[in-house]
Amino acid sequence: MLFDVLPRLLAPGKGPRGRLGGMGSHDPAGEPAEQVASVVDEVEEAAGEMDRARRALAGATRVAVLTGAGISTDSGIPDFRGPEGVWTRNPAAERTSTLAVYLEDPEVRRQAWQNRLASPAWDATPNAGHRALVALERQGRLLALITQNIDELHQLAGSDRSLVIELHGTMRRVVCWRCGAEGPMGPTLERVRAGDPDPACLRCGGILKSATISFGQALDPATVSRAEEAALGCDVFLAVGSSLSVYPAAGLVPLAKEGGAGLVIVNGEPTPYDDIADAVVRVPISAALPGLLAAR
Ligand code: ZN
């Protein structure tokens, strides 16, 4: 039976959908043939969604992209909020990312600096998903690349810095909480490595923190405005690897729809906006994006 359906799996979008469906079996305890039919159904549906997404994107000339943690997991950076996330497994880790606690408690800052030192992001390199977005930019079709990520893998992949809108800041820079001095993270991490558990600002002695948005910290209004403008001005909004459950990212989707844009979602898990999307792709991101964003 599988051999009968394989050719159709390899030729997505051909033939009527659901021919093998309607057997009434999504029951995992069903007969083997019914289980195969159920899997085939799912694969066919996935192929159909890929086709719809490809069509929606092929006609777009001003694509606003939003990326979340999902695009970086294939580069070895864990999703803090996902099922295997650091915060999910160890809620105490979230304390080091809460602004008020960080500013008050030197012990929390010492832990935070150790966490920064040990971050898998320092060794991470961009993956095919990041590179596909660079390709989209080179086709002249990328309006903005909005990201919830702080790893700068888009910039490392070659995305134009002026097009990247970092909603949650960047872990690759450090900022003084007192005088506002800002600089690259490297030299401060060197001080930690050399034995300073909680390095202070060299200019004023104030508390240093990565230039990321912590819990309890206000977002940068100018950054949010830029993201909103992009959402309103795009012809397709492409959300990649984001649960679309955290503001302001979550609010960009309705804005894009309001502006008349198409909506394509590429994410491993369901999002609150799947119902209003033109296509919802569940194929792993680094595998899906190159095909979705190939030159027209
Ligand atoms: Zn300072």
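Author: E152 counts as buried because 20 C-beta neighbours lie inside 10 Å; a residue is buried if 20 or more other C-beta atoms lie within 10 Å of its own, exposed if 12 or fewer, and partly exposed in between, with C-beta atoms placed from the backbone. This is a predicted model, in which local features need pLDDT of at least 70, side-chain atom pairs count only at pLDDT 80 or more, and totals for chains, interfaces and linings use all residues. Residues are numbered from 1 along each chain as its sequence is written.

Reader: Where is E152 found, and what is its phi?

Author: E152 is found in the loop between β2 (142-147) and α8 (153-157), helices (H or I, at least four residues) and strands (E, at least two) being DSSP runs numbered from the N terminus. Its phi is near 60°, a positive value in a residue other than glycine. Most residues other than glycine have a negative phi.

Reader: Why is L244 called buried?

Author: L244 has 23 C-beta neighbours inside 10 Å and therefore counts as buried. L244 belongs to the loop between β7 and α11, and its phi, near 55°, is positive.

Reader: Which peptide bond is cis?

Author: The bond from Y247 to P248 is cis, with omega near 10°. P248 lies in the loop between β7 (236-240) and α11 (249-258).

Reader: Which residues does I146 touch?

Author: Not counting residues up to four places away in sequence, I146 touches A64, V65, L66, I165, L167, A227, A230 and L252; contact requires C-beta atoms, placed from the backbone, within 7 Å.

Note on methods. Contact = placed C-beta atoms within 7 Å.
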